[in-house]
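The sequence and the structure are shown first.

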Amino acid sequence: MISRRDLLAQMGMAAAAARFLPAELLAQTQTAAQRFGKEKLIIRSMRPPDFETPVALLDSFITPNDLFYVRSHMPVPQVDASTWALKIGGEVNSPISLTLDEIKKLPAVTITTTLECAGNGRSFFEPALAGIQWEKGAVGTARFTGARMSEVLKKAGVKRTGLNVEMHAADRPPGTMPAFVRQVPMAKAMHPDTIVAWDMNGQPIPLPHGMPLRAIIPGWEGAYSVKWLNALNVLAKDSDSFWVATGYRYPNKRVAPGAAVDAKDMEPLKGLAVKSLITTPANGASLPAGKIAVAGFAWAGELDITRVD
């Protein structure tokens with residue numbers, strides 16, 4: 001028997017859900033979307049909140065905050081920006097804790113980047129794969145403003161033994177689920193485009209997008225851009241977190257769909273693949289004969305799009 005949550009995750013907008021769900025559950029779905037200002041998005045999950053942008057709304061270079069997709073692994077945490085602190089520890093000379101105001105005193109930079117969930121398009125996989133059944137709208141482009149992660153790390157003095165930076169989030173896992181942790185190599189952490197952001201499209205980062213601090217790791221799949229960032233831990237080795245050692249990895253050679261793969265033959269997913277998306281006309285649209293306008297966008301992670309045919 002399918003659970004109510006699973007049923008909701010497989011459905012479209014709340015309006016479509018009205019045909020199937022009891023009034024009480026429908027009200028809950030609408031409240032979930034309204035709470036985060038995501039009424040126009042497709043509800044893929046209520047708890048935790050996962051909202052997908054309808055393709056037709058991805059019609060501008062910069063995706064407005066209210067139309068930007070949401071991917072959450074765990075419930076959204078309670079946040080008090082006035083008491084927020086970012087801890088920097090591990091392989092550093094002086095472990096420190098920085099308040100939001102202290103971070104904002106560092107030189108500010110603005111980075112325009114495309115974020116995409118690694119599972120975007122999962123609903124089209126054959127054979128079917130477990131997980132949020134994203135179609136094509138778990139992607140968006142925004143301007144993020146913050147301090148370079150390199151400047152934050154320099155405050156603590158990174159030792160030469162530091163190879164990776166482990167990023168921790170404030171959201172707390174239910175039950176025995178492991179806490180959400182991601183890792184970037186030191187070179188990526190120190191890249192001038194890698195930032196600790198407090199602003200999204202000219203506004204304080206909204207709560208579902210990581211308020212008050214979010215890591216922005218341009219060009220890499222969206223889970224690296226950790227939301228509700230509250231700790232940077234410099235490591236002399238690879239993180240042993242589930243989300244690093246096991247999650248977000250792929251086979252380094254071709255295998256049969258569904259085949260078991262040895263851990264030594266898996267590599268971490270990093271840069272986004274080249275993709276493109278037609279936003280107009282809508283899929284399945286019926287149009288009169290003659291010239292039509294075709295619109296969309298393309299992205300390529302750390303690479304540049306040089307031409308669209």
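## Burial and a threonine in a loop

A residue is called buried when its relative accessible area is under 20%, exposed when that area is over 50%, and partly exposed in between. The model discussed here is predicted. Thr53 has a relative accessible area of 0%, and therefore counts as buried. Thr53 belongs to the loop between strand S2 (50-52) and S3.

What surrounds Thr53, once its neighbours within four places in sequence are left aside? Its contacts are then Leu41, Leu58, Leu67, Phe68, Tyr69 and Gly137. With Tyr69 there is also a polar approach: a polar atom of the Thr53 side chain lies 3.3 Å from the backbone nitrogen of Tyr69.

In soluble globular proteins, nonpolar side chains tend to be buried together. The largest nonpolar core in this model holds 47 residues, and Met149 and Leu232 are the members that touch the most others. Two or more residues each come from helix H3 (23-35), strand S3 (85-90), helix H4 (100-104), helix H5 (149-156), strand S7 (164-169), helix H6 (186-189), strand S9 (195-200) and strand S12 (229-235). The greatest contribution is that of H5, which gives four residues.

Which residues does Met149 touch, not counting those up to four places away in sequence? They are Val165, Met167, Ala189, Thr194, Ile195, Val196, Ala215, Ile217 and Leu232. Another core, of 16 residues, lies apart from the largest one; Tyr69, Ala138, Ala197 and Ile205 are among its members.

Helix H4 also contains Lys104. This lysine is partly exposed, because its relative accessible area is 41%. Lys104 and Gly146 are 42 residues apart in sequence, while their C-alpha atoms are 7.3 Å apart in space.

Rolling a probe the size of a water molecule over the atoms shows where empty space is left. The largest pocket has a volume of about 1,500 Å³. Its lining consists of 49 residues, and those closest to the centre are Arg122, Phe125, Leu129, Ala130 and Arg249. Helix H1 (4-9), strand S1 (42-45), helix H7 (242-245) and strand S13 (249-251) are the elements that give two or more residues to this lining. By class, the lining of the largest pocket comprises 26 nonpolar, twelve polar and eleven charged residues.

The second largest pocket has a volume of about 530 Å³. Of the 29 residues in its lining, Thr112, Thr113, Thr114, Trp299 and Gly301 lie nearest the centre. Strand S5 (108-116) and strand S16 (295-299) each supply at least two residues of this lining, and S16 accounts for the largest share, with five. The lining of the second largest pocket contains twelve nonpolar, twelve polar and five charged residues.

## An enclosed cavity

How many cavities of 30 Å³ or more are there? The count comes to one. The space within the largest cavity is about 240 Å³.

The lining of the largest cavity is formed by 23 residues, and Arg71, Arg214, Gly222, Ser225 and Lys227 are those nearest the centre. This lining divides into 13 nonpolar, five polar and five charged residues.

## Backbone features in loops

One joins Arg47 and Pro48, with omega of about -5°, and Pro48 is located in the loop between S1 and S2. The other runs from Met211 to Pro212, with omega near 5°; Pro212 is part of the loop between strand S10 (203-204) and strand S11 (214-216).

Asn201 has a phi of about 55° and is placed in the loop between S9 and S10. Tyr248 likewise has a phi of about 55°, and its position is in the loop between H7 and S13.

Is each of these residues buried or partly exposed? Asn201 has a relative accessibility of 22%, so it counts as partly exposed. Tyr248 has a relative accessible area of 19%, and therefore counts as buried.

Methods
Residues numbered from 1 in each chain as written. Predicted model: local features only at pLDDT ≥ 70, side-chain atom pairs only at ≥ 80, totals over all residues. Heavy atoms only, no water. Core = buried A, V, L, I, M, F, W, Y, C linked by side-chain atoms within 4.5 Å. Buried < 20%, exposed > 50% of the residue type's maximum accessible area, 1.4 Å probe, protein only. Contact = heavy atoms within 4.5 Å. 1 Å grid on protein atoms, 1.4 Å probe; cavity = no way out; pocket = protein on both sides within 12 Å on 5 of 7 lines; lining within 4 Å. Points joined across faces, edges and corners; volume = space filled by probe spheres on them. Nonpolar A, V, L, I, M, F, W, Y, C, P; charged D, E, K, R; others polar. Polar contact = N/O pair within 3.5 Å; in protein donor to acceptor, adjacent residues only side chain to side chain.
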